[in-house]
Amino acid sequence: MKYSFVCGIETHVELATATKVFCGCSTAFGGKPNTRCCPVCTGQPGALPVLNKRAVEFAVRAGLALNCKINYLSAFDRKNYSYPDLPKAYQISQYALPLCRDGWLELESGKRIGIERIHLEEDAGKLVHERGSTFIDYNRGGVPLIEIVSKPDLASPDEAREYIEKLQLIMRYTGVSDCKMQEGSMRCDVNISARPEGSELLGTRTEIKNMNSPAFAERAMNFEFGRQCELLERGERVEQATMRYDENTGETTVMRTKEDADDYRYFPEPDIPPVVLEREYVEGLKEGLCELPLAKMRRYIQVLALSEQTARLITKYPKACEFFESALKCGAGAKRCANLITGTVFAFLESEENKEKFSLKFSADEFAELAMLADGGKINDTVARATLQKMLSGGGSAKTYLSGEDMRGVDEGELEEVCRRAVGQNPQAVADYLAGKQKAISALFGYVKRATAGKADIRLAEQIILKIIGEK
Amino acid sequence: MRDTIFELSRALRTKKISSVELCELYLKAIERENPKLNAYVHVFYDSARRDAERADRLIKEGKGGLLTGIPVAVKDNICTEGELTTCCSAILKGYKPPYSATVWERLRAQGAVMLGKTNMDEFAMGSSSESSVYGAPKNPIDATRVTGGSSGGSAAAVCARLAPYALGSDTGGSVRQPAAFCGTVGFKPTYGEVSRYGLIAYASSLDQIGPLTSSVKDAAAVFSAIRGKDERDMTSFDGEKERELDPDVKGLKIGIAEQFFEGLEGGVKACVESAAKRYESAGAELIKVSLPSLGYTLPVYYIIACAEASSNLGRYDGIRYGFRAENYSSVEDMIIKTRTLGFGKEVQRRIMLGTYVLSSGYFDAYYKKACALRERIKSEFSQIFQKCDVLLTPSSPITAFPAGLERLNPAEAYLADIYTVSANAAGLPAISVPCGSDGGLPVGLQIMGERFSDYKVLSAAYFAQVDGICPDYGVKGGVEL
């Protein structure tokens with residue numbers, strides 16, 4: 001029997017607010033253990049939470065970017081469970097009335113993946129195992145998190161991977177989160193089930209916890225789906241369970257089954273009054289929302305005529321797009337700028353982290369100036385790339401690297417001289433061309449390039465050469 | 001009834017006595033009397049003297065206010081930076097908070113002098129203060145009787161003149177009931193009027209800090225000093241504008257709800273009814289009203305309070321602060337042993353009860369139903385306050401009961417709070433003032449009002465003080481000026 005893949009994903013995203021969700025401590029990653037905490041986020045007796053308005057704003061922005069309805073009345077609840085990294089023995093979260101609900105995320109295919117809800121909550125601390133002991137670092141405790149719960153609409157591991165990547169991108173675009181999966185600022189729990197093809201009933205699901213990269217998530221899902229299909233094929237049942245994925249073996253193993261699931265004893269958080277949002281406030285955030293990645297990519301292809309590959313590559317990095325669009329505003333050509341950025345600049349930046357930061361030693365204006373020199377034929381592409389390389393290492397404007405010689409170009413009279421020589425010294429190529437071999441003419445272009453040290457405008461040279469040959 | 005705070009403040013300002021001298025008088029009296037009464041569980045000799053020196057400087061510089069230089073006793077569940085705050089529980093043994101509660105910050109800013117921490121039921125769970133890990137305080141009026149609770153130490157300290165005034169906390173009557181049992185004034189403000197930041201939570205939606213004093217005027221002064229919106233407590237508010245107390249009750253509509261008098265017997269009934277008549281003869285109008293849900297208030301209180309407590313007390317696991325059990329085999333084992341040894345029986349009972357009512361499968365039948373009833377109680381109160389300004393009731397159906405009763409029969413002792421819990425359930429301001437004696441033991445008169453009518457309630461109670469309804473129980477041994 002054939003089985004269909006059914007998957008829904010719960011994603012935890014750490015918000016990029018400067019301070020924690022219920023106190024004024026810094027949210028910066030790392031730091032000496034237990035230096036970024038206070039009576040509130042270490043759960044000292046008597047301390048009370050104060051809701052960070054920025055965290056609410058970020059969560060609502062995330063919801064708007066995912067086409068959610070915003071609950072004008074939402075509330076916090078306590079999720080009670082005991083673990084050493086949770087200093088109050090409850091997590092302040094949202095249960096009955098989350099901030100956002102009923103949205104969707106669009107994949108490149110145009111398919112919409114439903115978003116069930118987005119709620120705001122606090123992160124826990126971290127256990128550190130060292131020197132044979134276990135220590136607790138509460139620096140992360142109280143960092144604002146949103147949990148984004150998708151509907152079980154993902155029909156293949158490939159779609160699931162794209163969903164995670166798109167989600168990551170949307171969060172980065174909107175400035176809601178940096179979504180660094182390695183640092184744990186984005187964590188995915190994937191729920192998977194298999195059902196006989198054509199059936200409407202959902203199978204029993206398992207949940208794989210804490211996927212820390214889209215690629216591992218895809219691999220884990222493939223393995224887990226295969227495991228479930230095998231069980232069903234043998235006539236066995238899939239048991240509802242929480243799974244762990246081992247990146248080294250590529251296999252999933254059972255962490256705990258439904259029988260030992262926690263009872264979180266949710267109840268309304270008495271220390272935080274319900275959150276009431278004004279319609280105007282939400283509308284204001286909606287208007288302030290930036291262009292989202294998929295829309296941007298489509299615009300780059302359709303309006304700016306970038307290739308699909310270039311558009312996809314550049315839209316992965318919001319800061320690169322910002323830089324790119326600033327250069328366009330200065331008047332530089334879109335295709336040349338995009339190619340220089342995704343080619344020379346990305347190659348120089350090398351790592352994902354650097355491409356995300358996109359911190360360069362020159363401004364978008366200076367970059368535009370270089371691109372426009374090339375656009376105007378003052379320098380050719382080769383010189384442009386070489387100059388950009390120098391700017392990337394040394395910084396500053398293009399003109400500091402371009403000599404008078406580079407900039408002078410080749411004037412038309414001079415170029416005609418060179419072209420006549422090219423025709424004169426390559427009779428065989430000319431004959432071949434006249435005999436119908438179109439490609440033969442490229443030998444003449446090579447001559448012109450060599451003779452002008454690459455400075456000649458080849459398109460102009462082509463016109464001149466064809467004119468000379470025609471005269472013959 | 002003496003306005004102790006005002007008298008002392010005058011003495012300080014006219015230089016009859018310095019704050020340091022006053023502080024020494026109280027510390028000596030505590031040293032002498034406290035071994036008998038057990039009202040204080042921690043006495044802060046050093047910091048009290050430092051506070052007093054600071055107050056004397058403020059007075060000298062002409063920066064003193066009403067409370068500057070006046071000593072205060074603080075309940076052991078209100079955090080004070082660097083000074084023991086243990087909730088009278090073994091689990092918080094040795095705990096010195098890294099921060100101060102807003103109420104103490106506000107009093108300190110006005111030059112208050114903290115003498116020490118007062119005895120209470122462990123985590124404020126009880127009606128007699130007998131569940132304290134330090135042993136029960138004794139009622140200064142009759143040492144064989146309880147002080148009431150949970151702010152029993154605060155009531156005893158004020159009654160015995162071991163403190164001019166004290167702070168308590170009131171979750172189901174924990175300020176008013178011990179005040180009634182010890183013949184002092186106890187005021188529970190509107191929920192949210194006084195910041196809970198730094199009050200170690202028992203039941204967050206019910207807890208409220210309030211003063212225990214020797215007069216209504218003193219209570220109003222302390223309330224004015226600690227009230228108001230606090231950025232660190234999202235449930236706090238700026239309520240009604242502060243105003244002078246007005247003892248004129250002419251035209252005041254006083255509600256009398258029959259349910260508060262059903263089955264009430266003997267001296268308590270007589271005292272409260274006679275007090276009501278005094279109000280009437282002064283021109284107040286007594287109006288019959290009804291609170292049909294009064295019988296539900298105790299079960300509603302116990303379900304909601306225990307549910308919240310089970311969550312609030314989850315943090316005491318021996319990991320970060322307080323007591324940690326020895327000889328454990330794993331983290332889980334350590335937590336279990338710590339909580340088993342660190343919490344007393346009553347606290348364990350309420351944690352279990354609260355965990356049960358929140359468990360899946362029982363949530364709707366208990367917690368959800370209790371919340372619905374709580375709403376009904378609130379709406380019955382708003383109907384009452386459409387007809388009258390304040391409600392007059394007994395503070396408790398009984399007077400201070402003999403020591404040991406609560407342990408023998410907890411369900412019976414729960415009844416001591418039957419008239420006080422409704423104000424917590426509805427978040428209303430309520431005060432208990434002494435209104436007579438029954439067999440030599442004080443009887444308390446309770447006056448309740450609608451939310452944010454704190455000064456109206458205080459004014460109505462001030463009549464009892466001015467009219468002389470409140471007797472002097474004549475306790476000796478404390479500080480006399």
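A disulfide here is a pair of cysteine sulfur atoms within 2.5 Å, and by that cut-off the structure holds zero of them over all chains. The model is a predicted one, so to speak for local features a pLDDT of at least 70 is needed, side-chain atom pairs count only at pLDDT 80 or more, and totals for chains, interfaces and linings use all residues. Side-chain values rest on heavy atoms, with hydrogens and water left out, while residues are numbered from 1 along each chain as its sequence is written and chains are lettered from A in the order in which they are written.

As for cover, buried means under 20% relative accessible area, exposed over 50%, and partly exposed in between, with a 1.4 Å probe and protein chains only. On that scale Cys290(A) is partly exposed at 33%, and Cys371(B) is partly exposed at 26%.

Chain A carries 16 helices and 16 strands, both being DSSP runs numbered from the N terminus (helices H or I, at least four residues; strands E, at least two). Its radius of gyration is 29 Å, well over the 23 Å that the globule rule gives for 472 residues, so chain A is more spread out than a compact globule. That radius is taken over C-alpha atoms, and the rule is 2.2 Å times the number of residues to the power 0.38. Along the principal axes, the C-alpha atoms of chain A fill a box of roughly 95 × 55 × 55 Å. Buried residues make up 50% of the 472. With contact meaning heavy atoms within 4.5 Å, 69% of the chain A contacts between residues at least 6 apart in sequence join residues at least 24 apart.

Chain B comes to 16 helices and 11 strands. The radius of gyration of chain B is 21 Å, close to the 23 Å from the globule rule for 481 residues, so this chain is as compact as a globular protein of that length. Its C-alpha box is roughly 70 × 55 × 45 Å along the principal axes. Of the 481 residues, 64% count as buried, and 77% of the contacts between residues at least 6 apart in sequence join residues at least 24 apart.

On to surface and charge. Accessible areas follow the Shrake-Rupley method with a 1.4 Å probe, and for residues only the protein chains shown count as cover. Chain A exposes about 22,300 Å², 49% of it from carbon and sulfur atoms; for chain B the figures are about 17,000 Å² and 51%. Lys and Arg count as positive and Asp and Glu as negative, leaving out His and the chain ends, and each charge is placed at NZ of Lys, CZ of Arg, CG of Asp or CD of Glu. Chain A has 64 positive and 69 negative side chains, with the centres of the two sets 3 Å apart. Chain B has 56 positive and 57 negative, with centres 2 Å apart.

Gly149(B) and Ser150(B) are joined by a cis peptide bond, omega being about 10°, and Ser150(B) sits in the loop between strand E3 (113-118) and helix H5 (152-159) of chain B. Ala89(A), not a glycine, has a positive phi of about 65°; it is found in the loop between strand E4 (77-80) and strand E5 (90-93) of chain A and is buried at 10% relative accessibility.
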